[in-house]
Amino acid sequence: MNDPNPEVAQIATKAFEQTFPEDKRASALGFCQDNLIGHILNTCKLTKEKIIEENNSLEDVQVDEVYDRNILSALNSVSAALKLNEKQVDPWVLKNKIIELYSLDQPLKGNSILLGFLHNKKRPRIRGGAIELIHSLFSYLDVQVFEKNISELTTMLLDMLDDKERSVQRALWKGCLLTVMKTATNDKPACEKIELKKYENKVLFAVKTAASGLGSLFYDRLVEFFSYLESFSAKNLKNFF
């Protein structure tokens, strides 16, 4: 269901939907959610060394593919579970497990699973997947969950504006960047922590390259993007034109 390969995901989704009627799918998730969270956690801790240990005949490119595919499946599984979870009697049971899994209610630290994926420069697909997961988290969890980390998350996403990987840019501009920025504009202390001057060149790069060639996906969101920048610091906005 959550495999990054569309054909595999389609087959798995069809099997799930044929096994469980629509009114039973949320209950099925509730029944296995502890196992699901445990599996996601174990997968997120997967290393390339572990993959090689289990199958030392794989070439480097195959190891990379197995690693990316496993991590992306785990990240996608969280988003899919949150969506289906909305139909459960008590959706906060799973939500609290996911908050605990990623330590979302605690200040982000270097050992954070989510930070590790966002900062992994060698794995652009995983960075993109982590960005899309953040968008899902903001969509399904209460905004109060992110109070301790909203300025840090905003600056991390702004730091990626000059990332040349299109998969990263697409994940940013599909919705995550604007959703997080909008949330930050409603938090005055968070706004005060964001130093816009640091991101001038990154914003200029995004504008000049249309976010590494995204075209309309980027331009359609540009006005909204600048409106949030103005909320952070109107006096610096003139320097971006």
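Predicted model: local features only at pLDDT ≥ 70, side-chain atom pairs only at ≥ 80, totals over all residues.

**Entry 1: a helix inside**

I started with helix H8 (residues 150–159), where eight of the ten residues are buried, so H8 is largely enclosed by the rest of the structure. I took buried as under 20% relative accessible area, exposed as over 50% and partly exposed as in between (1.4 Å probe, protein chains only). Helices (H or I, at least four residues) are DSSP runs, numbered from the N terminus. The buried residues of H8 include Ile150, Leu153 and Met156.

Residues are numbered from 1 along each chain as its sequence is written, and side-chain values use heavy atoms, with hydrogens and water left out.

**Entry 2: rings**

How many aromatic pairs does a search of the whole structure find? I got six. Rings of Phe, Tyr and Trp (its six-membered ring) pair if their centres lie within 6.5 Å; planes under 30 degrees apart count as stacked, over 60 as edge-to-face and the rest as tilted. Phe218 and Tyr219 have ring centres 5.3 Å apart and planes at 65°, so I logged the pair as edge-to-face. Phe218 is buried at 1% relative accessibility. Tyr219 is partly exposed at 46%. Phe225 and Phe226 are also edge-to-face, at 5.5 Å and 65°. Both of them are buried.

**Entry 3: the core**

Of its 70 residues, Tyr102, Trp173 and Phe225 touch the most other members. Helix H9 (residues 166–185) gives the largest share, ten residues.

**Entry 4: salt bridges**

The structure holds 16 salt bridges. Each is a side-chain nitrogen of Lys or Arg within 4 Å of a carboxyl oxygen of Asp or Glu. Arg123 meets Asp64 at 3.7 Å, N to O. Arg123 lies in the loop between helix H6 (113–118) and helix H7 (124–140), and Asp64 in helix H4 (residues 60–85), 59 residues apart. Arg123 also meets Asp68, at 2.5 Å. Arg123 and Asp68 are buried. Glu65 and Arg125 form a bridge at 3.4 Å. Which residues are linked in a network of salt bridges? I listed Lys48, Asp64, Glu65, Asp68, Arg123 and Arg125.

Definitions and conventions
Helix = DSSP H or I, 4+ residues; strand = E, 2+ residues; numbered from the N terminus. Core = buried A, V, L, I, M, F, W, Y, C linked by side-chain atoms within 4.5 Å.
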